[in-house]
Amino acid sequence: MLILGCTSAVVVFAVGIRKRTPPPARHEPLTMADMTEVVMPLRQAPATFPRGTYRPNQRETTVSGAIDLGTFSPGRDLIYIEDDRAWWESDNDSGDIECDHTVHRSMRQPLERTIQLVAERGGTLKIQDAYRPNLVHNPKSLHKEGRAVDLTAVDMDLESVAKICWQAGFDWVYHEKGKRNNGPHIHASVAR
Ligand SMILES: [Zn+2]
């Protein structure tokens, strides 16, 4: 039951029916607190999530809130996430001084849930960009507060990743077409 390999299992979890069943053997044993906090999808998967669309159908700043570098405090607001089930770009790029494990604390639950749900479906989530204090191209980017991540995956198509991000509780999810230097990816953000 906890291996959410089919839509019906996700729906059952999404409506909140929980049973005491053993955790899946391929993961570390989970406590009940872990299961309710990390494993359970918060929302049902949308039927489709085409490239070039976002959820909800509102501007990102309306949903996640605009950046405010005046009140943002890296020491207070940022945390470090480690999870061996995911691939972290900065661990694999020696020329990169940024750290993709560094995110806003509001990002912990949706990102951990997304890593878990992608892994349960046989994929590996790739965290391509997280906290980017020195982004020059978009001064209003939520990456500057660690409140946005850019994601791709191995062994899973991006539309499925977008659906999972939505299920996992990100406040705003964008299935981006990508630009010249930056291929298609999922940009997902959270309110502070
Ligand atoms: Zn982004």
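This is a predicted model: local features need pLDDT of at least 70, side-chain atom pairs count only at pLDDT 80 or more; totals for chains, interfaces and linings use all residues.
Which residue in E8 does Ala148 stand opposite? Ala148 stands opposite Ser189.

**Overall make-up**

The protein chain contains 6 helices and 8 strands. Along the sequence these elements follow the pattern α-α-β-α-α-β-β-β-α-β-β-α-β-β. Of the 192 residues in the protein chain, 33% are buried. Taking contacts between residues at least 6 apart in sequence, 69% join residues at least 24 apart.

**The sheet**

An open sheet is built from 6 strands in the order E1-E7-E8-E6-E5-E3, and its pairing is mixed. Strand E1 (54-55) and strand E3 (87-88) are the edge strands, each pairing on one side only. Strands of a sheet pair through backbone hydrogen bonds, in either a parallel or an antiparallel way. Strand E6 (residues 148-154) and strand E8 (residues 185-189) run antiparallel and are joined by 4 bridges. Within E8, Ser189 is the residue opposite Ala148.

**Helices across the sheet**

| Helix | Residues | Lies across | Angle |
|---|---|---|---|
| H5 | residues 108-120 | strand E5 (124-129) and E6 | about 140 degrees to E5 |
| H6 | residues 158-168 | E1, E6, strand E7 (172-176) and E8 | about 175 degrees to E7 |

Key. Residues are numbered from 1 along each chain as its sequence is written. Helices (H or I, at least four residues) and strands (E, at least two) are DSSP runs, numbered from the N terminus. A residue is buried if 20 or more other C-beta atoms lie within 10 Å of its own, exposed if 12 or fewer, and partly exposed in between; C-beta atoms are placed from the backbone. Two residues are in contact if their C-beta atoms, placed from the backbone, lie within 7 Å. Two strands pair if DSSP finds at least two bridges between them. Axes are lines fitted to C-alpha atoms, for helices over the stretch in contact, and angles run from 0 to 180 degrees between N-to-C directions.
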